[in-house]
Amino acid sequence: MPSPEKITEALANNATRQLFEKLYGTKPGVYKFQTERYRSLLQRFAERFPDHRDVGIFSVPGRTEVGGNHTDHNGGRVLAAAIDLDVVAVAAP
């Protein structure tokens, strides 16, 4: 697993830009916004947990339930839709 600094460096490469464009789209300013979002999260993690040098960074996509919220727990049906928001986390063993 890479260090927070290595992941931060990778945020500037073309492969990361292509990945972010797949995840977040190509609207003007989106790549810059998301890069800064990830960079800030990695920086805060490194400040709070300086002894954790091997980290992973994870994105969980957002979803909303249009109808049938929580009925699936009882065998019901849900109409769900993806949204363009996500939750990002940095984790270490």
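**Surface, fold and an aromatic cluster**

The protein chain exposes about 6800 Å², and carbon and sulfur atoms supply 57% of that area (Shrake-Rupley method, 1.4 Å probe; for residues, only the protein chains shown count as cover). The model is predicted, so local features need pLDDT of at least 70 and side-chain atom pairs count only at pLDDT 80 or more, while totals for chains, interfaces and linings use all residues. Residues are numbered from 1 along each chain as its sequence is written, and side-chain values use heavy atoms, with hydrogens and water left out.

The protein chain holds three helices and two strands, where helices (H or I, at least four residues) and strands (E, at least two) are DSSP runs numbered from the N terminus. Read from the N terminus on, the order is α-α-α-β-β. Along the principal axes, the C-alpha atoms fill a box of roughly 45 × 35 × 20 Å. The radius of gyration of the protein chain is 17 Å, whereas a compact globule of 93 residues would have one near 12 Å; the value is taken over C-alpha atoms, and the globule rule is 2.2 Å times the number of residues to the power 0.38.

Of the 93 residues, 24% count as buried (under 20% relative accessible area, with exposed over 50% and partly exposed in between; 1.4 Å probe, protein chains only). Contacts (heavy atoms within 4.5 Å) were also examined: among those between residues at least 6 apart in sequence, 58% join residues at least 24 apart.

A closer look at the aromatic side chains follows. Rings of Phe, Tyr and Trp (its six-membered ring) pair if their centres lie within 6.5 Å; planes under 30 degrees apart count as stacked, over 60 as edge-to-face and the rest as tilted. By this rule there are five aromatic pairs. One of them joins Phe20 and Tyr24 in an edge-to-face arrangement, at 5.7 Å centre to centre and 90° between the planes. These two residues are separated by about one helical turn because they stand four residues apart in helix H2 (residues 14-24). Phe20 counts as buried because its relative accessibility is 5%, and Tyr24 counts as buried at 15%. Together with Tyr31 and Tyr38, Phe20 and Tyr24 form one aromatic cluster.

Gln34 brings another helix into the picture, as this residue is found in helix H3 (residues 30-48). With residues up to four places away in sequence not counted, Gln34 touches Phe20 and Tyr24. The relative accessibility of Gln34 is 8%, so Gln34 counts as buried.
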